[in-house]
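Keep the model open beside you and take the points one at a time.

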Amino acid sequence: MSIADAALLFVAGFMSGVVNAIAGGGTFLTFGAMTLTGLPPIMANATSSITQFPGYVTSALAYWKEIRADWKEAMVVGVLSLVGGLAGALLLLSMSNPGFRALVPWLLLAATAIFAAGPLLRPKHLHAEKPIGPLGLVGQFATSIYGGFFGAGMGIMTLAVLGLSKGGDYHRLNALKNFLAMVIAGIAIAVFASGDVVGWPQAAVMVPAGAMGGYSGVWVARRVPQNIIRALVVAVGGILTIYYFVTD
């Protein structure tokens, strides 16, 4: 890894932390930067999961009070998400780099569309809280498979599933979403590490950069409207999508 590559990865990791703290979508930056520095797409995807994981943990800890209030349901949906995340990660490992590379532009296109539609997917009027029904469990299982396989936009999809199937207070839904994202990313990382598809030098550069970016994101959030950050993330996703379609 050259100094120039390390610098690009550090900047991407830092900016990923910033945008995740404000609007989400940091995976676009970490995955894109790693593939541009020559990392194979499967390894870039796996390593990106590691760079995002600390943010999931700290977000879940920040919502610990709300998670404890829904502990039993969190455990049930958490086990389901664990199984789905495991399936998605194993599915990724079963693919070749050329096979996964062919899917990348389509995955990026879907993730960019999900992220752009995020405000529309967030329920505006939540109904009274109720236990997650069968359709909600199926929806979350599908989301967790996607999260273990690729991950970009996973949080938005989870929040939409919970809002439509469970309802209730938004912060409690967001707390459960963060907990499930941590579970899915955690099992995926365990699979990727055992499968020897993690770029540890790249992760060593990007994880601390992401932590610094996450802290700085609070400062940025007070000065830059979330809509502007979201538009920039969508633009990056769109550019990466076009790039991978053109260079396929």
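Predicted model: local features only at pLDDT ≥ 70, side-chain atom pairs only at ≥ 80, totals over all residues.

**Notes for a first look**

1. Let's begin with the annotation. The unreviewed UniProt entry marks "transmembrane region" over residues 74–93, 100–121, 141–164, 176–194, 200–221 and 228–246. How do residues 176–194 look in the model, helix or strand? This span is 100% helix and 0% strand, and its end C-alpha atoms lie 27 Å apart. Residues 228–246 are likewise 100% helix and 0% strand, with 27 Å between the end C-alpha atoms.

2. Searching the whole structure turns up one cavity of 30 Å³ or more. The largest cavity has a volume of about 100 Å³. Its lining is made of 13 residues, and those nearest the centre are Ser-49, Tyr-56, Gly-147, Phe-150 and Gly-151. Two elements, α3 and α10 (170–194), each give two or more residues to this lining.

3. Which element supplies the largest share of that lining? The answer is α3, with five residues. Sorted by class, the lining of the largest cavity holds six nonpolar residues, seven polar residues and no charged ones.

4. Staying with α3, find Thr-51, which sits in this helix of residues 41–62. Is Thr-51 buried or exposed? Its relative accessibility is 10%, so it counts as buried, the cut-off for buried being under 20%. Setting aside neighbours within four places in sequence, Thr-51 is in contact with Thr-30, Met-206 and Val-207. The side chain of Thr-51 also makes a polar contact of 3.4 Å with the side chain of Gln-52.

5. Now move to Asn-97, in helix α6, which covers residues 97–116. Asn-97 has a relative accessible area of 30% and is therefore partly exposed. Which residues does Asn-97 touch, leaving out those up to four places away in sequence? They are Pro-40, Pro-41 and Ile-42. Asn-97 and Pro-41 are 56 residues apart along the chain, yet 6.2 Å separates their C-alpha atoms. With Ile-42, a polar atom of the Asn-97 side chain lies 3.1 Å from the backbone nitrogen.

6. Asp-196 deserves a look at its backbone. You will find Asp-196 in the loop between α10 and α11 (200–221). The phi angle of Asp-196 is near 55°, a positive value in a residue other than glycine. Most residues other than glycine have a negative phi. Asp-196 has a relative accessible area of 63%, so it is exposed.

7. Finally, turn to Val-138 in helix α8, residues 134–149. Is Val-138 buried or exposed? Val-138 counts as exposed because its relative accessibility is 55%, and the cut-off for exposed is over 50%. How far is Val-138 from Leu-80 in space, C-alpha to C-alpha? The distance is 9.2 Å, for two residues that are 58 apart in sequence.

Methods. Residues numbered from 1 in each chain as written. Heavy atoms only, no water. Helix = DSSP H or I, 4+ residues; strand = E, 2+ residues; numbered from the N terminus. Buried < 20%, exposed > 50% of the residue type's maximum accessible area, 1.4 Å probe, protein only. Polar contact = N/O pair within 3.5 Å; in protein donor to acceptor, adjacent residues only side chain to side chain. Contact = heavy atoms within 4.5 Å. 1 Å grid on protein atoms, 1.4 Å probe; cavity = no way out; pocket = protein on both sides within 12 Å on 5 of 7 lines; lining within 4 Å. Points joined across faces, edges and corners; volume = space filled by probe spheres on them. Nonpolar A, V, L, I, M, F, W, Y, C, P; charged D, E, K, R; others polar. UniProt positions renumbered as here; feature names shortened; annotations may be inferred.
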